[in-house]
Amino acid sequence: MAGSSACPRGMEVVTAGSARCSKSRSWRDTSRRARVGAGLAAVLALVAVAAIGGCSDTTGSTTTPKGPATGTPSGVASISGSTKATAVLSAGANASTSGSAAASKSPSARASASAHASSPDSDDESSGSAGASFAPKATGVLPPTTGTGSRLPGEPNPSLTPGALNPAVTQATIGSTICVSGWTATIRPSSSYTTGLKVQQIGQYGYSNTSTSAYEEDHLISLELGGAPADPRNLWPEPYTISLADGRSTGAHTKDGFETKLKTQVCKGTITLAQAQNEIGDHWVHFYYAIPLSLSTPTPAPTSKPTPKPTAKPTPKPTAKPTTKPVTISVQITSLPASIGHGANATMQARTSPGATCSASVTYHSGTVSSAAGLKTTPVAGSSGIVSWTWKVGSSTKPGSSTATVTCSLGGHSASKSKTFVVT
């Protein structure tokens with residue numbers, strides 16, 4: 001091996017006339033430039049990750065931005081963390097290759113940007129600065145009431161958050177306001193405004209969990225449905241995690257999805273703006289799950305019920321016993337011959353009370369009481385009250401004035417009647 005022609009490509013003879021070969025100067029310069037480029041690519045990748053993290057992650061008490069209806073606040077944090085990790089790994093991998101072009105082609109950087117991209121019309125509190133048209137002291141218009149049904153979990157207290165409307169948004173202006181992509185960004189309040197209001201309202205709502213990260217400072221009537229941006233009556237700390245008794249979610253992300261659905265229907269003309277505002281108001285859970293207002297279950301915290309005072313039972317009035325009419329009985333001898341001869345038959349008739357039992361006796365002039373068989377009967381008076389006896393006067397009966405007596409009894413009462421006749 002003599003001269004440089006004896007060395008392999010990219011190598012050169014160290015000393016003229018020597019057989020020793022070494023890497024050429026041009027190869028060393030190219031390698032140095034590649035290492036510098038890789039280092040710069042790694043630095044740029046780390047700067048990009050820091051910038052993306054600053055845009056996506058909230059600071060202090062600012063709430064996690066809204067996600068899809070089925071997402072959770074922790075889901076956003078996990079995306080952000082994984083994106084950072086991927087970017088760092090990509091930068092490290094690119095550092096081992098030559099040139100900055102490889103780092104600029106990293107798919108992880110593009111995935112990070114798209115994962116945090118939010119809809120230009122989303123109604124969240126992730127924006128650090130206020131929209132160009134935001135008016136912090138503007139008040140809205142109270143919406144019509146949606147009924148008197150009881151609150152369900154996830155619905156606001158209507159006395160604290162009745163909702164408020166943006167007077168600039170009407171059915172006639174939706175084509176130039178809410179149905180224009182990006183319009184809500186121009187009126188959205190700053191995070192400093194919503195965060196301060198959130199802290200205040202968490203106390204007003206009496207939440208046991210006072211961590212601001214557990215709530216989204218949400219517009220009850222969302223900006224994309226014509227809600228007032230700055231009116232505190234339209235903003236409230238909405239829990240991220242809350243559900244009905246059967247497990248159906250009623251948290252902030254569920255409401256976000258409902259808002260988007262209603263806005264789409266309004267802009268397509270399938271429902272009116274007023275109908276959408278009514279459904280997203282203080283009874284939004286009722287409308288979202290089609291729960292009639294009259295069948296909802298109240299959600300206020302249980303309070304001890306006062307012990308009812310015993311009510312005095314009314315003293316029953318004594319029932320009047322039916323009064324029985326006093327039994328009256330009377331006897332009247334209606335038929336008796338004035339004179340009766342020896343050995344003749346005599347008939348006596350009397351009238352008394354129906355049902356009375358009667359007996360008869362005859363006392364002759366001599367004082368003897370007749371023992372005739374006809375006087376031993378005891379007839380019972382029928383409905384006419386008539387009773388009678390027939391007997392034979394003995395042939396030995398002494399003549400003279402005699403007395404016939406009729407005695408009748410009924411219900412423990414009795415009456416008698418006497419009449420005289422002459423035995424001849």
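**Notebook: aromatic pairs and disulfides**

I am working from a predicted model.

I then looked up the aromatic pairs, and the structure holds seven. One of them is Tyr 205 with Trp 236: ring centres 6.1 Å apart, planes at 35°, so I logged the pair as tilted. Tyr 205 is in helix α5 (residues 191-205) and Trp 236 in strand β4 (residues 235-239), so this pair ties together parts 31 residues apart in sequence. I checked burial too: both Tyr 205 and Trp 236 are buried.

Next I took Tyr 288 and Tyr 289. Their ring centres lie 4.7 Å apart with planes at 80°, so this pair is edge-to-face. Tyr 288 is partly exposed at 31% relative accessibility. Tyr 289 is also partly exposed, at 21%. I found the charged end of Arg 248 over the ring of Tyr 289, 4.6 Å from the ring centre.

I searched the whole structure for disulfides and got two. Cys 179 is joined to Cys 267, S to S 2.1 Å. The S-S torsion here is about -100°, so I recorded this disulfide as left-handed. Cys 179 sits in the loop between α4 (107-115) and α5, and Cys 267 in helix α6 (residues 252-268), 88 residues apart. Cys 179 is partly exposed at 29%, and Cys 267 is partly exposed at 34%.

Cys 358 and Cys 408 form a disulfide with sulfur atoms 1.9 Å apart. I read 110° about its S-S bond, a right-handed link. Cys 358 lies in strand β8 (residues 357-363) and Cys 408 in strand β10 (residues 400-410), 50 residues apart. Both Cys 358 and Cys 408 are buried.

How values were computed:
Residues numbered from 1 in each chain as written. Predicted model: local features only at pLDDT ≥ 70, side-chain atom pairs only at ≥ 80, totals over all residues. Heavy atoms only, no water. Phe/Tyr/Trp six-rings, centres within 6.5 Å; stacked < 30°, edge-to-face > 60°. Helix = DSSP H or I, 4+ residues; strand = E, 2+ residues; numbered from the N terminus. Buried < 20%, exposed > 50% of the residue type's maximum accessible area, 1.4 Å probe, protein only. Lys NZ or Arg CZ within 6 Å of the ring centre and 35° of its normal. Disulfide = S-S within 2.5 Å.
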